[in-house]
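Subject: Structure handover

Hi,

Here is the structure I promised to pass on. Please open it next to these notes.

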Amino acid sequence: RKADVECGIVVLGSGPGGYTAAFRAADLGLDTVLVERYETLGGVCLNVGCIPSKALLHAAEVIDAAAHAKDFGVSFGAPKIELDALRAYKEKVVGQLTKGLSGMAKQRKVRVVTGTGAFVSPHEIEVTAADGGRTLVKFEQAIIAAGSQALKLPGFPWDDPRVMDSTDALELAEVPAKLLVVGGGIIGLEMATVYRGLGAEVTVVEMADQIMPGADRDLVKPLADRLKKQGITVHLETRAARVEPQKKGLKVEFEGANAPEAGVYDRILVAVGRAPNGGKVGAGEAGVEVTERGFVPVDRQMRTNVPHIFAIGDLVGNPMLAHKATHEARLAAEVAAGEKREWVARVIPSVAYTDPEIAWAGVTETEARAKGLKVGVGKFPWAASGRAIGLGRTEGFTKLVFDEATHRILGAGIVGVHAGDLIAELALAIEMGAEAGDIAATIHPHPTLSESVAMASEVYEGTITDLY
Ligand code: FAD
């Protein structure tokens, strides 16, 4: 069959991985086609992930800040929430970014083909549009960037609209009186914060023995304390075992060491992880290997086992984060364009945009100890930070993990407001092989939360013993 579209490189999927790869490839002179099943570019992150969730978290943060303003003598009335306006705000934020991407694609002459793509041979992808129309794209090289989707727990009544995944929850159809969040990871807790801010009574159940498994236990503690203060109930070591739709609400039975009694909830959000889409793109037709779980294995240049086909983003492995996808995207595009590059990930920062935020980069203290690395820790409590005191947010701390032999920084964890912004400096420090003395000697602006980074290094070096 004759190709409808021929190109140097095709990118399958337009999330942060896909659009970055397509733009970089085009900038490097490759004739580029971008295939996306939805009308808007941007993938999960822009449409139903990072961006809308942060727009809604901003609203929750303002509501919370207004409630706490009475601490310094300012009182506001009870918040009046207009859901239509909040939804419109979120959509405006998303629309601005996705439209921007369309413009950037045009500017670079990246041809966008709308429809669901699947390999039909090692050099062809067939794209099926919503109206059934088919386009055969013939390519020299390809980058698979088809991302991931929410894991749907089996046995849950998914045809009931009151059972939601994160995409449904972000639609904000209503604020339920009682919301159950299944899964106490980053996405579950961010959405719990949004819905609590908007007035829902929120219960979270988590199978592990701490919320946000993966983060150090001490980092999680200030968040757990604040969730409690905000009225979010958390049950650890608990599994939502059975869900029974009723006329009014959903009856949920729990199992596990700390399982509460069965309860009735108006809505349930299931946020138990994401499944890679590697198994859904006809990879076998191109000879591309896919694991049983749907991940596509790649080498240090993001090449799959088929050398002219690359894969990036959520579908190549954890952590499933947008900034990992964009980084891999640039690498794949550059290698496809003939540049000699490779990448070994030492530092991929993780951030939970909860209140307080939790951020970490490099090795966590738990990982370091489990691996038997000889490490030491420098910890600076924000109760000793003038800025944190002024903000009324002293529950945070900054913790740095150093190699005992060289005093090089290996990892960092921060809990507190703006932890996500503060972690960037430490990602750079780890990448550059900075030592505790380098960080301590770097002048940080006063009074900022960033001083806690230098102070934590000084604590480690022993140059401050009392905190002032
Ligand atoms: P995706 O963004 O999943 O994009 C894949 C694209 O491919 C989609 O547009 C999809 O429609 C398209 N596609 C798939 N199959 C086909 C096909 N066969 N044909 C055509 N098109 C196809 N990450 C962060 O770093 N920070 C955050 O704050 C953050 N918040 C999040 C909040 C939520 C609620 C969720 C769900 C995720 C969040 N993430 C966050 C994760 C982040 O969204 C992902 O890591 C990121 O989107 C992955 O990018 P990607 O390019 O690999 O794939």
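Helix α1 (residues 16–27) packs against helix α8 (residues 322–336) at an angle of about 30°, and their axes are 8 Å apart. That makes the two helices roughly parallel. Two notes before I go on. This is a predicted model: local features need pLDDT of at least 70, side-chain atom pairs count only at pLDDT 80 or more, and totals for chains, interfaces and linings use all residues. Residues are numbered from 1 along each chain as its sequence is written.

Some terms. Helices (H or I, at least four residues) and strands (E, at least two) are DSSP runs, numbered from the N terminus. Axes are lines fitted to C-alpha atoms, for helices over the stretch in contact, and angles run from 0 to 180 degrees between N-to-C directions. Roughly parallel means under 35 degrees; over 145 is roughly antiparallel, 65 to 115 roughly perpendicular, and the rest oblique.

**Helix pair**

On the α1 side, the contact residues are Pro16, Gly17, Thr20, Ala21, Arg24 and Ala25. Their partners in α8 include Ala322, Ala325, Thr326 and Glu328. Contact means C-beta atoms, placed from the backbone, within 7 Å. By class, the contact of α1 with α8 has nine nonpolar, three polar and four charged residues. Ala, Val, Leu, Ile, Met, Phe, Trp, Tyr, Cys and Pro count as nonpolar, Asp, Glu, Lys and Arg as charged, and the others, Gly among them, as polar.

**Ligand**

The ligand is surrounded by 37 residues. The closest are Gly13, Gly15, Gly43, Gly147 and Gly313. A residue counts here if its C-beta atom, placed from the backbone, lies within 6 Å. Elements giving two or more residues to this shell include α1, β2 (32–36), α2 (43–48) and α8. The shell has 17 nonpolar, 16 polar and four charged residues.

**Five-stranded sheet**

Five strands form an open, parallel sheet in the order β8-β15-β9-β10-β11. Strands pair if DSSP finds at least two bridges between them. β8 (163–164) and β11 (232–235) each have a single partner strand, so one side of each has no neighbour in the sheet. Two bridges join β8 to β15 (residues 267–270). Met164 sits opposite Leu269 in β15. Helix α6 (residues 186–197) packs on the sheet, and its direction makes about 165° with that of β10 (201–205).

**Hairpin**

β12 (residues 239–245) and β13 (residues 250–255) pair antiparallel over six bridges. Arg239 stands opposite Glu255 in β13. Four residues lie between the strands, and Gly249 takes a positive phi near 90°.

Best wishes

Note on methods: Contact = placed C-beta atoms within 7 Å.
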